[in-house]
Amino acid sequence: MNKGVIAALAVVVVGAVAFMLTGEPPKKEEVKADADAKQLTIAVPSFLTGGAAGPFGIPAMNGAKMVVDAINKGKLPAPYNTAGFGGASASIIELDEGGGATKQVAEYRNLVEKRNVNAIVGYISSGNCQALAPIAEELKQFTIFATCGTPRIFEEAPRKYVFRTMAHATADNTAAAMYVKEQFPNLKGYTGIQQNYAWGQDSWRDFDLTLKQILPAAQASDNVQFPKIFAGQYGSEISAMSLDPAELVHTSFWGGDLEAFIFQGAARGLFKEKTGVLTVGGTAAYRLGKKLPDGLVLGARGPYGILVKDRDSALNQWFINTYKNLYGTFPSGPAYQYGQAILAAKIAYDKAGSDATDEELAAALKGITFESFSTTVEMALGGGHQAITENGYGITKYDEANGENIVTNVKFYPATCVMPPEGENSVDWIKGGMKGAKC
Amino acid sequence: MFGDKTSKFVVLGGLLIILVGSFAPNWIVNQFMFGFSRALAILGLMVLWRTGLVSFGHAFYFGLGAYAVAIFDIKFGVTDVFLRLLAGAFVAGLAGYLLGFIMRNYRDIFFAMLNTAISMVLFGIVVKTEALGSTDGFAISMSTIFGMSPESKYPLFVIITLVGILAALIVNFYLKSTYGRLTTAIRDNEIRVEYLGFSVAHAIHLKYTISTILAGGAGALMAMSLGQVDPESMINWTVSGELVFVTILSGPGNVLAPFIGSLVFEVLRTYAFELAPQAWQLIMGATFLTIIFFLPGGIWSLLEKFGGKKNGK
Amino acid sequence: METFLTIVLDGLQFSSYLFIVSAGLTIIFGVMKILNVAHGSFYAWGAYTAAFFIGKFSDMGTPDAFGFLIILAAAIAVGLLLGYAIEQLILKHMYHRDEVLIVLATFGLFLVLEDIILIAFGTDPYFAFQPMALLGSVELGGIVRDVYGLTLIGVATLVAVGCWWLLNKTKWGTLLKAVIYDREMGISMGINVPLVYTMTFIGGAILGGLGGAYIAPTISVAPGLGTEVIVLSFAVVVVGGMGSIAGAAIGSLIIGLLRALAVHELPQVELFVVFAVMAIVLVFRPEGLFAPAKPRKI
């Protein structure tokens with residue numbers, strides 16, 4: 001063998017050994033047993049880069065950081081005013097959720113097997129949640145999904161270690177349809193514009209199906225728009241909708257797309273001619289300020305953000321005021337959602353102890369009902385792993401006197417009214433007439 | 001046929017990795033699985049690069065391979081590892097063979113762009129179609145090996161490495177053969193190759209098909225390693241970009257290069273992520289620039305320098 | 001009839017958007033044979049710079065019309081500074097390399113510049129709606145249109161005519177065309193090719209920045225801005241013929257009108273109309289519809 005061959009072989013061997021040495025002791029359980037029980041590590045993945053960072057990722061991370069900090073210092077209002085997670089203080093590992101599911105799976109494994117985190121709390125993208133749920137189960141890692149919307153996580157398979165502390169996306173659109181029916185009982189036609197990917201497609205489907213059930217007199221347009229996500233220019237779509245006789249425009253747009261759509265639509269008077277229903281509009285409410293047109297039906301994916309600004313529970317007012325002082329704006333939906341998930345983690349640790357195993361933590365969180373910052377959360381679906389909450393909408397109005405956006409005619413629908421019952425597939429439930437809904 | 005130094009290395013290295021994997025922590029085995037799956041596609045791209053062709057759209061075949069596994073799993077209940085691999089490689093290879101009739105007439109940037117265009121058309125179709133999973137994709141059931149369901153991912157890792165060894169050996173043999181040597185010949189001067197009596201179009205078509213078979217197989221393996229397929233990770237132009245990145249990173253010198261390059265890429269990405277969660281793109285981009293500027297032959301050229309002698313052609 | 005007018009106007013507006021965004025890319029490719037992936041960065045930087053300053057000046061109370069001046073200034077600034085820096089620091093050393101390798105280098109550059117935007121401007125969006133609000137709306141074809149969108153058509157025409165005039169009626173244009181056709185001959189004829197390259201790149205960068213800056217008032221300027229335009233402008237350039245302004249214009253028209261038609265009549269195909277056209281053109285006329293003729297060299 002010549003030098004080159006030996007060199008290459010050496011590189012391979014050294015590389016493999018180095019690879020192994022850069023990791024920490026492999027077994028998670030071992031680390032738990034002899035690690036300092038007073039310090040927990042919680043990984044918080046969120047969108048730190050890309051188009052979702054501004055409206056979702058950063059507010060979410062801010063909410064999480066604020067709540068973790070408060071918990072460590074015991075500053076939350078009662079009944080959560082004990083310090084720490086089961087007494088132990090926690091540090092956060094911030095993670096970027098971007099880069100696609102493959103990357104996130106690799107990173108998730110790194111978190112569990114290399115960096116030995118205690119809990120993983122977060123995730124906004126449905127794609128990531130779906131890819132990771134089976135991995136979490138395989139690695140037996142206590143994981144709380146904070147925001148991702150797809151109903152499929154718990155409808156596909158039973159989960160033991162994975163939780164979601166927020167109602168899934170079905171509620172957004174069933175509630176929207178109900179609100180529309182109440183506010184516009186004589187509606188004759190509706191159309192929509194959605195980003196052409198799973199989120200947009202599912203949102204339209206749920207809204208359309210529900211409205212067909214409860215307001216059969218209204219006709220769906222045959223020219224529903226599905227532009228590419230992040231397209232940014234909606235001139236043609238707005239023209240098409242202007243020509244459409246439908247009086248209502250439903251959209252699940254978020255982020256930059258939503259704001260561009262609002263700017264371009266408002267400049268052309270679209271929202272004066274037609275009523276806009278923005279299922280995720282809540283994230284834009286604080287950012288747009290005066291530019292947000294009046295008279296829009298606004299949702300926040302549940303009891304969050306601007307929709308609950310006036311709820312005066314101690315927890316809610318603490319959340320709003322602390323966030324405003326720390327970050328300069330009022331907290332939007334994602335901040336609440338991540339805060340809620342962290343709160344659930346605290347509850348689990350308090351119940352099971354700071355050195356609990358993943359199984360014990362899971363058992364502690366399963367099926368409970370708890371008071372969150374703005375609402376009551378019941379872990380009622382998916383065998384006690386999927387939360388249900390109320391969901392509601394309001395109508396936007398700019399308050400000149402105070403120089404801020406407010407919502408009027410806010411109406412919330414109970415959780416059991418907008419979420420399917422245990423064991424039922426969401427789409428089938430809607431198609432079947434939403435049996436079992438208790439409103 | 002397999003007696004040369006490179007082949008010895010491939011086999012030895014592969015067996016060593018398998019050995020190491022048996023007591024390495026899971027997350028490392030996982031990195032290896034992802035890395036080696038991708039390396040298969042890089043192997044194909046390397047063959048194309050030697051021919052002077054770079055495709056910015058091989059995610060098309062990678063994605064086809066991955067989705068083939070998903071669809072065969074859901075529609076036909078195929079769970080066997082080898083059947084899945086064959087399905088992925090076959091579907092992609094067939095597409096590559098058919099498209100190759102068109103592709104073989106293009107060079108340079110047009111070749112690259114045509115591949116991109118086709119991959120984005122597929123991306124659009126998949127994203128738009130709920131039946132194909134849209135952006136949520138599908139979950140894939142665990143793979144079985146000859147009917148047995150393994151407990152951990154280790155057997156899959158062994159199989160991936162073995163497939164890698166096999167592919168490397170075959171490609172190495174191919175590159176040493178007459179038709180294989182045409183790669184660099186075509187890159188240097190096509191017209192001369194024609195005058196020597198070889199059909200450039202045929203040669204390129206063959207190499208293209210080989211690269212698509214490898215890319216499809218890679219996609220299948222990646223799907224099995226990941227347990228999930230979705231268009232963002234497998235068909236988007238950013239995936240093609242990643243594949244090209246690793247190809248350049250590895251260098252075209254030897255069939256071992258893609259495997260080493262893929263592993264380096266995985267390590268690089270993991271640490272960029274950990275150290276700079278908000279700026280990992282910057283690190284990747286800067287690395288890319290650095291490699292292109294200072295190390296055009298990729299990592300392999302670095303290894304060659306240390307080795308002091310060229311290792312296999 | 002109303003629908004027809006609407007479709008045509010929509011198509012023209014989108015075509016104008018495409019053209020403004022891809023004109024710079026086609027020039028750079030035509031002259032330097034570089035498919036500049038970092039073009040998306042010029043767009044993004046143009047948009048951010050314009051939005052940032054429009055916001056700042058608006059807060060200071062300057063009249064909204066000033067926004068247009070800012071847009072122009074932002075485009076020129078971005079083009080000059082960023083274009084010059086990139087060309088001198090990176091591209092100049094790579095001209096002798098494989099053109100595909102240069103594309104990859106620009107891809108790396110794009111990734112770097114994307115993150116620098118994040119660091120410089122943060123993740124919050126910037127709004128610069130003042131110019132758009134200023135121009136108001138008008139009723140055409142039975143629906144309300146925003147005047148700003150219609151001015152896009154004007155700007156695109158200006159750019160197209162300007163480029164045409166530059167290429168065909170000035171000495172500089174003749175030099176450019178010479179270099180487009182044959183770089184080596186250009187050098188041997190005494191043309192200062194490095195200077196031509198630098199000026200071309202800066203010109204292309206300014207156009208890219210102008211695209212971003214002019215579009216900024218209609219959108220929310222947020223991270224991820226550059227990524228979308230890259231693929232779009234590639235499609236236009238490929239369809240029209242790389243290196244031909246007329247080609248980029250025709251390419252934009254075709255894609256824009258087809259897309260508008262799709263949106264109104266068949267929204268389901270809207271997503272891949274662009275790439276389907278790109279693929280078809282590549283298959284039947286790989287050089288693009290209007291590529292300058294290339295003599296074959298042995």
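**Entry 1: α3 and α14 of chain A**

I looked up how helix α3 (residues 53-73) and helix α14 (residues 333-352) of chain A meet: their axes come within 7 Å and cross at roughly 35°. Axes here are lines fitted to C-alpha atoms, for helices over the stretch in contact, and angles run from 0 to 180 degrees between N-to-C directions. Helices (H or I, at least four residues) and strands (E, at least two) are DSSP runs, numbered from the N terminus.

I noted that α3(A) and α14(A) make a right-handed crossing. A crossing is right-handed if the near helix is turned clockwise from the far one by less than a right angle, and left-handed if anticlockwise.

I then listed the residues in the contact, where two residues count if their C-beta atoms, placed from the backbone, lie within 7 Å. From α3(A) they include A:Phe56, A:Pro59, A:Ala60, A:Gly63, A:Val67 and A:Ile71. From α14(A) they include A:Tyr336, A:Gly339, A:Ile342, A:Leu343 and A:Lys346. I sorted the contact of α3(A) with α14(A) by class and got 14 nonpolar residues, four polar and one charged. Ala, Val, Leu, Ile, Met, Phe, Trp, Tyr, Cys and Pro count as nonpolar, Asp, Glu, Lys and Arg as charged, and the others, Gly among them, as polar.

**Entry 2: what kind of model this is**

I reminded myself that this is a predicted model, in which local features need pLDDT of at least 70, side-chain atom pairs count only at pLDDT 80 or more, and totals for chains, interfaces and linings use all residues. Residues are numbered from 1 along each chain as its sequence is written, while chains are lettered from A and ligands numbered from 1 in the order in which they are written.

I wrote down the scores of the model, ipTM 0.88 and pTM 0.87. pLDDT is the predictor's confidence in each residue, from 0 to 100.

- I found an average pLDDT of 87 for chain A, with 91% of the residues at 70 or above. The pLDDT is below 50 over residues 1-5 of chain A, a stretch with 13 contacts beyond near neighbours in sequence. It is also below 50 over residues 15-36 of chain A, where I read 21 such contacts.
- I found an average of 87 for chain B, with 97% of the residues scoring at least 70. Residues 309-313 of chain B fall below 50, and this stretch has 16 contacts beyond near neighbours in sequence.
- I found an average of 85 for chain C, with 97% of the residues scoring at least 70.

Where pLDDT is low, the predicted coordinates should not be read in detail.

**Entry 3: the chains one by one**

I counted 17 helices and 15 strands in chain A. Its radius of gyration is 23 Å, close to the 22 Å of the globule rule for 439 residues, so chain A is as compact as a globular protein of that length. The radius of gyration is taken over C-alpha atoms, and the rule is 2.2 Å times the number of residues to the power 0.38. The C-alpha atoms of chain A fill a box of roughly 75 × 60 × 45 Å along the principal axes.

I counted 14 helices and two strands in chain B. A compact globule of 313 residues would have a radius of gyration near 20 Å, and the 19 Å of chain B agrees. The box for the C-alpha atoms of chain B is roughly 55 × 45 × 40 Å along the principal axes.

I counted twelve helices and four strands in chain C. Its 19 Å agrees with the value near 19 Å for a compact globule of 298 residues. The box for the C-alpha atoms of chain C is roughly 60 × 45 × 35 Å along the principal axes.

**Entry 4: two loops of chain A**

I checked the peptide bond from A:Ala78 to A:Pro79, which is cis, with omega near 5°. A:Pro79 sits in the loop between α3 and β2 (89-96) of chain A.

I also checked A:Asn116, which is not a glycine but has a positive phi, near 50°. A:Asn116 belongs to the loop between α4 (101-114) and β3 (119-122) of chain A.

**Entry 5: chain C against chain A**

I looked up this interface and found 34 residues of chain C in contact with 35 residues of chain A. Which element gives the most to the side of chain C that touches chain A? It is α1(C), with six residues. By class, that side of chain C has 17 nonpolar, ten polar and seven charged residues.
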